[in-house]
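User: I would like to go through the labels used for this structure and see what each one rests on. Please set each value against its cut-off.

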Amino acid sequence: MSAVVHGQRDVRRARYAVAAVFAVHGAVTGSFATRVPWIQDHAGVSAGQLGLALAFPAIGASLAMPLAGSISHRFGARNALRGLIALWTLALILPSLAPNMLTLCLALFVYGATAGMSDVAMNALGVEVENRLDKSIMSGLHGMWSAGALIGSAAGTLAAHIGADARLHHALAAAVLTVVGVGVCAWVLDLQPAADEEPPPRFALPPRSALLIGAIGFCAVFAEGASLDWSAVYLRDQLQTSAGLAAACTTGFTLTMAIARIAGDRVVDRYGAVRTVRASGVVAVLGGLLIVLAEHPVMAMTGFALMGLGIAVVVPLCFAAAGRSGSNPSLAIAGVATITYTSGLIAPSAIGLLAQATSLMVSFVLVTVLSVGVAGLAGVLRAGDRTKVTRPEAAVPEPRP
């Protein structure tokens, strides 16, 4: 693909625009997550039915992600992102409108499908901007997603606290986020397919390179999902802490993840993706060991904080490597995204099933072993390491005639 831009100032502006899109994407997720109890009551579903319904976003995302490449090829990257981010923000309205289990599942399927396609499109543009700037930005972009999720969840918490109807809350949030998301897309890179470029297939298996890179992302997202959903339970059940201290552990985990992502680009620029991910895996393993060996809450909380610090930059770097691993970046990114979404889907339930069969401590032994996999597989990112693969011709793009 080629880009209609005229210099580094345009590329830097595109960086901030993509960062804003990441924040908008995260804000939708945060807005939805805080109103799940209201949605459950409105749809009249049990806890078990809700658990089944909440699998549909991942199913929808996994099936729809491969379509992002063909949409970008047909409409151009800028128009594709503009349309997909609008579909994603407007899809926020659907779950709160669902009156029963069937409609809730359908709404969540659409919600997940639009989330996945916009996710692939914005990550592909993020990789292109990173290549043109010749410095790491993907970790920071995912940090902006985390910041957006925090803002969305804060607004949702306030709405829930005052007893606002989620249909009204989500309609207002969708309107604001759609205007912001569509508006900032005016400054993202306008990538267009070359005249002789074949359109990508609508559905295709991920390339082998994406599978290997996705394996690292699978390990990292499994650790993230397990820690996010089970850290408070771990402190309460394993170490008999108060509910407040248990909740603070989860907050500490998310905080270290956000800080590490925002600061991670400088580390990647200095040491490269492979060494950064290898060191990150070691930090996550250390965190896992502290968790499973903890006899005091402070030790476990430190372990979860280190786990967040260790896995924070892994997924952004997997997306960046996927975008440079072959001739079809969107297909590779879609493959990695599908694997990581799958990991995020199965991690919480897998931890629960293993804990029921053995103990929660044994479950986090598994998380620690997967963190070893992050460190051990880091070399897979070498082929896509920005410090190893340079594109001098892309540093100052030439204007299209």
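Analyst: A salt bridge here is a side-chain nitrogen of Lys or Arg within 4 Å of a carboxyl oxygen of Asp or Glu. The model is a predicted one, and by this rule the count comes to 5 salt bridges.

User: Why is the pair D10 and R13 called a salt bridge?

Analyst: The N to O distance between the side chains of D10 and R13 is 3.4 Å. The cut-off is within 4 Å, so the pair of D10 and R13 is a salt bridge. Both residues lie in helix α1, 3 residues apart, about one turn of the helix.

User: What makes R167 and D165 a salt bridge?

Analyst: The closest N and O atoms of R167 and D165 are 2.8 Å apart, against a limit of 4 Å. R167 counts as partly exposed at 36% relative accessibility, and D165 counts as partly exposed at 26%.

User: Which residue forms a salt bridge with R236?

Analyst: D237 does, with the closest N and O atoms 2.8 Å apart. R236 is partly exposed at 46% relative accessibility, as is D237 at 39%.

User: Why are α1 and α8 called roughly antiparallel?

Analyst: The axes of α1 (residues 8-33) and α8 (residues 101-133) cross at roughly 155 degrees and come within 10 Å. Angles over 145 degrees count as roughly antiparallel, so α1 and α8 are given that label. Their crossing is left-handed. Residues of the contact include V18, F22 and H25 of α1, and Y111, M122 and V129 of α8. The contact divides into 14 nonpolar, 6 polar and 4 charged residues.

User: How do you know that α14 and α15 are roughly antiparallel?

Analyst: The axes of α14 (residues 314-323) and α15 (residues 329-357) cross at roughly 150 degrees and come within 7 Å. The limit is over 145 degrees, so α14 and α15 are roughly antiparallel. α14 passes α15 in a right-handed crossing. In α14, C318, F319, A322 and G323 meet P329, A332, I333, V336, A337 and T340 of α15. The residues of this contact divide into 8 nonpolar, 2 polar and no charged.

User: Why is S280 called buried?

Analyst: S280 has a relative accessible area of 9%, and the cut-off is under 20%, so S280 is buried. S280 lies in helix α12 (residues 243-293). Not counting residues up to four places away in sequence, S280 touches G310, V313 and V314.

Technical notes. Residues are numbered from 1 along each chain as its sequence is written. This is a predicted model: local features need pLDDT of at least 70, side-chain atom pairs count only at pLDDT 80 or more; totals for chains, interfaces and linings use all residues. Side-chain values use heavy atoms; hydrogens and water are left out. Axes are lines fitted to C-alpha atoms, for helices over the stretch in contact, and angles run from 0 to 180 degrees between N-to-C directions. Helices (H or I, at least four residues) and strands (E, at least two) are DSSP runs, numbered from the N terminus. Angles under 35 degrees count as roughly parallel, over 145 as roughly antiparallel, 65 to 115 as roughly perpendicular and the rest as oblique. A crossing is left-handed if the near helix is turned anticlockwise from the far one by less than a right angle, and right-handed if clockwise. Contact means heavy atoms within 4.5 Å. Ala, Val, Leu, Ile, Met, Phe, Trp, Tyr, Cys and Pro count as nonpolar, Asp, Glu, Lys and Arg as charged, and the others, Gly among them, as polar. Buried means under 20% relative accessible area, exposed over 50%, partly exposed in between (1.4 Å probe, protein chains only).
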